Structures are given as C-alpha cells and as structure tokens.
Amino acid sequence: MGTSLTPEFWERFAVLLVLAAGLTCVLAAVFDDLAVRVLRRRAHRTPPQAPYRPERNDHRTSVHS
C-alpha cells in the first residue's frame with residue numbers, strides 16, 4: 001500500500017523549506033545582534049573597584065592592653 005508524492009506535496013515542501021531557512025537566518029541574525037549588544041554594554045561599564053585595604057605592616061598590634 002504505497003503512496004506517491006504528488007506535485008502539490010513537493011510544492012508545499014519547497015515553500016516550507018524556504019520559509020524555515022529564511023526564519024532560521026532571521027532569528028540567528030537577531031540573536032547575534034542581541035549578544036553583541038549585551039557584550040558591548042558589559043564592556044562599557046566601569047570595572048568594580050577593589051575594596052580598600054590598608055597597607056600591611058610587618059608587625060601585629062597587640063590585642064592586650
């Protein structure tokens with residue numbers, strides 16, 4: 001019980017294939033643009049400053065008075 005693929009099937013197949021390929025390209029471009037924008041935004045931020053640490057002395061101060 002075999003079925004033959006009609007010309008109408010191949011026409012719809014071709015249309016859907018072209019639409020899927022086009023949609024894939026468009027979505028890839030949109031997501032690439034979004035990723036580049038996020039990376040540029042992170043690069044333009046000022047880096048967080050390190051917390052202040054006093055200079056280290058070679059001796060320890062006594063805790064006993």
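Visitor: Where does V38 lie?
Guide: V38 lies in helix α1, which covers residues 7-44. Helices (H or I, at least four residues) and strands (E, at least two) are DSSP runs, numbered from the N terminus. This is a predicted model: local features need pLDDT of at least 70, side-chain atom pairs count only at pLDDT 80 or more, and totals for chains, interfaces and linings use all residues. Residues are numbered from 1 along each chain as its sequence is written, and side-chain values use heavy atoms, with hydrogens and water left out.

Visitor: How many helices and strands does the protein have?
Guide: One helix and zero strands.

Visitor: Which residues make the nonpolar surface patch?
Guide: L23, V26, L27, V30, F31, L34 and V38 make it, and the patch is about 640 Å². Patch residues have over 30% relative accessible area and no salt bridge; like charges are joined within 9 Å, nonpolar side chains (Val, Leu, Ile, Met, Phe, Trp, Tyr) within 5 Å. Areas come from the Shrake-Rupley method with a 1.4 Å probe; for residues, only the protein chains shown count as cover.

Visitor: New topic. How many salt bridges?
Guide: Two. The rule wants a side-chain nitrogen of Lys or Arg within 4 Å of a carboxyl oxygen of Asp or Glu. E8 bridges to R12, with the closest N and O atoms 3.1 Å apart. D33 and R37 form a salt bridge too, at 3.2 Å from N to O.

Visitor: How far apart are D33 and R37 in helix α1?
Guide: Four residues, about one turn of the helix. D33 is partly exposed at 38%, whereas R37 is exposed at 54%.

Visitor: How many aromatic pairs?
Guide: Three. One of them is F9 with W10: the ring centres are 5.1 Å apart and the planes sit at 75°, so the pair is edge-to-face. W10 and F13 are also edge-to-face, with 5.8 Å between centres and 85° between planes. Rings of Phe, Tyr and Trp (its six-membered ring) pair if their centres lie within 6.5 Å; planes under 30 degrees apart count as stacked, over 60 as edge-to-face and the rest as tilted.

Visitor: Which residues do the ring pairs link into a cluster?
Guide: F9, W10 and F13. W10 is partly exposed at 45%, and F13 is partly exposed at 42%.

Methods:
Buried means under 20% relative accessible area, exposed over 50%, partly exposed in between (1.4 Å probe, protein chains only).
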